[in-house]
Amino acid sequence: MTLTANPDQTITAIARVDEPPAIDDRPASDSTADAATTAGAVTGDAREPADADTSTSHDEPVGELLRIDPRTLVIGANVRRDVALDKPFLRSIADRGVREPIIARRDDHGALVVRKGKRRTLAAVETGRPTVPVLVEPGQPGDDPDAEDRGEVIDRIVDQLEENQHRAGTCEVDEVRAHQQLLDLGLTAGQIARRTHVPTARVKLTTTVARSELAAAAMERYDLTLDQVAVIAEFDGPDGPDVEAVKVLTVTAAKEPAQFAHVAQRLRDQRADARQVADTVAELTGQGVRVLDPDNTGTAAQISGLRLDAQTPSRTELDADTHSVCPGHAATVEVHRGWDREPQVKVVHWCTAPDEHGHIARWGHVALTDAGDGGGDGAVARELAQAAKQAKAERRRVIANNKDWDSAATVRRDWLRGFLSRRSAPRDALPFIASTLARAGHDLRRAMESGHPTACELLGLTATGSVYVGRTNPIESLTATATPARATQLILAVLLGAAEDATGRQSWRNPTRENRSYFTALRDWGYPLSPVEQLVLSDDDATPSGAADTPTPTDSVRAEGGSQDRADIEVIAEDGMTAADETSTAV
């Protein structure tokens with residue numbers, strides 16, 4: 001069906017550059033012909049060709065603006081082959097229609113041939129839009145510049161390319177700012193997602209950032225991704241922003257973006273631990289118990305290694321209830337994670353001056369002087385003191401690395417879920433699969449007998465328990481409809497799940513052959529190993545570099561006003577960046 005201008009079409013005039021265009025949005029069936037002429041000028045934004053005659057009159061017409069049934073349009077020659085009619089774009093056209101006019105020309109039959117706007121035209125047809133705005137370029141019906149004029153063909157191709165290649169998308173900062181304005185106007189995050197046809201998960205991120213002045217300020221000032229800034233917003237709580245955490249995250253995003261997820265998870269875990277510790281400390285303080293710093297107990301001794309006095313039989317443990325009346329009674333509070341990675345608060349009771357209060361060693365008294373006739377030079381005492389100091393330092397190192405390992409495990413499993421959701425396995429997955437199956441290690445055999453619980457978790461499935469219970473494993477059910485590529489990915493999930501299940505706090509100190517193979521594969525497939533995970537592949541179990549750079553929650557400065565409030569967040573972050581620059585320069 002061809003189309004010529006007739007009284008049933010909605011026709012408007014294109015105004016001059018100093019006049020607003022009058023677009024008639026009336027339905028085509030109710031409209032009458034208004035004006036089919038064009039009396040406008042090319043706007044100041046239009047770019048003239050390099051060889052254009054600059055003396056062209058500003059009264060030259062630029063075309064007719066019509067509202068046309070998109071099904072009557074003819075798609076002309078176009079460089080675009082993949083129109084990419086994605087669901088969000090189609091929903092936008094269905095909801096709000098085509099808002100930028102399609103550019104067309106008439107052929108010798110009066111039909112409108114689309115020169116620019118192929119994607120918009122097809123989307124309008126796909127969604128059943130009754131009309132679309134069309135700007136008809138000047139010319140007599142039948143004038144086909146592509147037919148004979150080589151220069152016109154070149155201009156068409158260039159125009160179609162430039163129309164999209166030089167179109168700048170909305171940056172994330174502007175997107176966050178726009179969503180903030182919509183929030184201020186009363187829209188919810190769900191309504192913003194529906195009205196803008198943006199995935200709900202993304203709108204949750206943008207609105208989270210928009211509600212945080214601290215995160216928005218960081219995004220304005222630094223080149224941070226939306227995901228990174230959303231993490232920063234997590235540390236802008238009702239009690240005020242955790243400025244130290246923001247500084248660490250900002251520096252990490254700029255200097256070591258691959259480690260950002262690991263640093264963020266450590267900070268989350270430290271914050272959660274600090275909250276649990278604070279609750280227990282408040283309870284102990286209310287009972288009148290002095291609380292010591294676990295890293296600085298001074299000359300205090302744990303009461304588990306003491307007995308009440310010399311009259312108390314050897315090996316008799318001094319319990320907290322009995323010792324509670326002692327003037328030196330104190331306690332430390334720490335959070336530990338067991339094999340299930342769940343945090344548990346551990347309270348240890350101490351005596352700040354056991355000798356002064358008459359306590360002696362539970363297993364007998366050990367003198368810190370040389371044995372013999374009293375003429376020693378104190379070498380034994382010095383050796384014992386040095387050994388105690390080294391043991392304390394080793395304990396701190398183990399505790400710090402264990403906590404880092406727990407945080408890394410959360411990041412690693414999140415990465416594995418995304419990795420295993422891909423349609424196909426990496427190209428070099430088959431050698432890993434073959435070698436792992438050939439070794440038939442204990443880790444794999446144990447996972448097989450247990451019904452692959454970790455693999456099921458990583459795939460989002462519910463484990464059915466041991467193979468001996470007789471239930472069908474959910475992974476087996478997936479293979480019935482899996483493509484060869486997906487089936488390979490499921491095999492990989494089984495093997496990676498078995499390897500992951502065999503990791504633990506011991507892995508960074510005493511890695512097995514299977515541990516090394518597993519973490520080597522993850523590294524080669526793009527997983528950024530944290531410093532403590534890198535120790536699995538190293539012969540040196542020294543404290544990972546950078547582990548001490550992450551502040552503990554007790555060291556964090558919370559801004560509640562003064563020079564470190566929200567208004568100064570840019571200066572605070574800048575200080576952090578400067579410190580990072582100085583550190584990298586020194587190294």
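At a relative accessibility of 22%, Arg 119 counts as partly exposed; the term covers the range between buried (under 20% relative accessible area) and exposed (over 50%), with a 1.4 Å probe and protein chains only. The model is a predicted one, in which local features need pLDDT of at least 70 and side-chain atom pairs count only at pLDDT 80 or more, while totals for chains, interfaces and linings use all residues. Residues are numbered from 1 along each chain as its sequence is written, and side-chain values use heavy atoms, with hydrogens and water left out.

Arg 119 has a charged partner. Its salt bridge is with Asp 86, and the closest N and O atoms are 2.9 Å apart; such a bridge needs a side-chain nitrogen of Lys or Arg within 4 Å of a carboxyl oxygen of Asp or Glu. This pair joins distant parts of the chain, 33 residues apart: Asp 86 sits in the loop between S3 and H1, and Arg 119 in helix H2 (residues 118-127). Helices (H or I, at least four residues) and strands (E, at least two) are DSSP runs, numbered from the N terminus. Asp 86 is also partly exposed, at 34% relative accessibility.

A salt bridge also connects Arg 115 with Glu 137, where the closest N and O atoms lie 3.5 Å apart. Arg 115 belongs to strand S5 (residues 112-116) and Glu 137 to the loop between strand S6 (132-136) and helix H3 (145-148), so this pair ties together parts that are 22 residues apart in sequence. Arg 115 counts as buried, with 12% relative accessibility. Between Asp 524 and Arg 523 there is another salt bridge, with 3.3 Å separating the closest N and O atoms. Here Asp 524 is partly exposed at 48% relative accessibility, and Arg 523 is partly exposed at 42%. A network of salt bridges links Arg 412, Arg 413, Asp 414, Arg 417, Glu 457, Glu 500 and Glu 533. The count of salt bridges comes to 23.

Leaving aside residues up to four places away in sequence, Leu 492 touches Phe 419, Ala 425, Pro 426, Ala 429, Phe 432, Ile 433 and Trp 525, contact meaning heavy atoms within 4.5 Å.

Strand S12 (residues 329-337) is mostly covered, as 8 of its 9 residues are buried. S12 pairs with strand S13 (residues 343-351) in the antiparallel sense over 9 bridges, and Val 335 stands opposite Val 345 in S13; pairing requires that DSSP finds at least two bridges between the strands. With strand S9 (residues 290-291), S12 pairs in the parallel sense over 2 bridges, and Ala 330 in S12 stands opposite Arg 290.

On the surface, Val 79, Ile 157 and Leu 161 make up a nonpolar patch with about 200 Å² of accessible area together. Val 79 lies in the loop between strand S3 (74-75) and helix H1 (87-96), and is partly exposed with a relative accessible area of 35%. Patches are made of residues with over 30% relative accessible area and no salt bridge, with like charges joined within 9 Å and nonpolar side chains (Val, Leu, Ile, Met, Phe, Trp, Tyr) within 5 Å; accessible areas come from the Shrake-Rupley method with a 1.4 Å probe, and for residues only the protein chains shown count as cover.
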